[in-house]
Amino acid sequence: MKVTTAALPLLPLCQRFLPALPALPSISALPGLTGLPGMSALTGFSSFSGLSGLSGLSGLPGKVTGLSVTLLKATALEAAILAGHVLLYPSGIVQERRCVPEPLRAGSQDAGSSSPSSAPTAQLPARARPPVVLLHGFIDNRSVFLLLRRSLAQHGRRQIESLNYSPLTCDIRCAAELLGRHIEEICERTGSDRVDVVGHSLGGLIARYYVQRLGGDLRIRTLVTLGTPHAGTRVVPLANAHPIVRQMRPGSALLEELALPAPGCRTRFVSFWSDLDRVMDPLETACLDHPDLAVQNVRVSGIGHLALPVHPAVATGIRQALDTPGPESGTEAGGRSGGLTVA
């Protein structure tokens, strides 16, 4: 009886958050309780209209229902992607094998063969597209790009390569130097002057440092970042023990370097950021804002951080970004045009 008596004042409040519950009678109307000591002081609690600060709670469920459903869907999707990625993670630990470009393989065939299968087939001329380099995020590997890589290949991208940097890497600058060497090797092997880069989270920050501070704008035509903390993120303060996490904090020396002038930068930036990305704190830190850079920030609604390199709608946006002409065609610096609603 004591438990029931103590819980009675909370029932009307629960009813406000659960509108499907039947209407609750007033305490004075409950048989057998009116004679209990102290019940006379609780008769007014069947309605909370007399309590200041709670009168607006009646409309709260309707206001947050849409956001709650979207957030629940995004959280469930993040959990499913995380589970799948854990299973795929071992497949991406080792570096991928470097493929010989198709023209070289075709040229190595026996020119004297007269078999019908070896005869050259007529093909429509394909538009020249630079190789695409995929760069994963913190404590991750190239397996995160499995679906994105397949999408790019299905839409005409013939040369797609991923770079694994060591999870023990403790400096974004060192990782950017490694990326530069990797890109130089790709350009030499493929005969291409420039490449496109897609970087998820930390990967986007590494590529940006290469572009702005190591002369990478000579090699990277378009840099697409997915949930990259361009202005630093405050999430998980206990992770500051890792040097790279400290470099991704607002006001770090590395981010101050990236805020320095970058006149004449030839790389075009496209930054995808999600309004449900819980790794970005604040959310707008994934927007790139620099007066010297040609930038388009694209807001993604309905998914979280892990879904950015996986969701097919985002993959479509990435393909469109890579197929768009470079900054010399009039892209404005600091633009925030564009939006993508996934859910």
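**Notebook: a pocket, a strand and a threonine**

I looked up the lining of the second largest pocket and found that helix 3 (residues 60-88) gives the largest share, three residues. I worked on a predicted model, in which local features need pLDDT of at least 70, side-chain atom pairs count only at pLDDT 80 or more, and totals for chains, interfaces and linings use all residues. Residues are numbered from 1 along each chain as its sequence is written, and side-chain values use heavy atoms, with hydrogens and water left out.

Entry on the pocket. I noted a volume of about 490 Å³ for the second largest pocket. Of its 23 lining residues (those with an atom within 4 Å of a point on the 1 Å grid), F138, I139, S201, V279 and H305 are the closest to its centre. I sorted the lining into 14 nonpolar, six polar and three charged residues.

Entry on strand 4. I found six of the seven residues of strand 4 (residues 220-226) buried, that is, under 20% relative accessible area with a 1.4 Å probe. Strand 4 pairs in the parallel sense with strand 3 (residues 195-200) over six bridges; pairing requires at least two DSSP bridges. From strand 3 the chain passes through helix 7 (residues 202-213) to strand 4 in a right-handed β-α-β crossover. I also recorded five bridges between strand 4 and strand 5, which run parallel, with L223 opposite F269.

Entry on T285. I located T285 in the loop between strand 5 (268-274) and strand 6 (294-301). T285 is buried, because its relative accessible area is 2%. Leaving aside residues up to four places away in sequence, T285 touches T228, P229, H230, A231, G232, T233 and M280 (heavy atoms within 4.5 Å).

Key
1 Å grid on protein atoms, 1.4 Å probe; cavity = no way out; pocket = protein on both sides within 12 Å on 5 of 7 lines; lining within 4 Å. Points joined across faces, edges and corners; volume = space filled by probe spheres on them. Helix = DSSP H or I, 4+ residues; strand = E, 2+ residues; numbered from the N terminus. Nonpolar A, V, L, I, M, F, W, Y, C, P; charged D, E, K, R; others polar. Buried < 20%, exposed > 50% of the residue type's maximum accessible area, 1.4 Å probe, protein only. Right-handed = clockwise from strand over helix to strand, strands pointing away.
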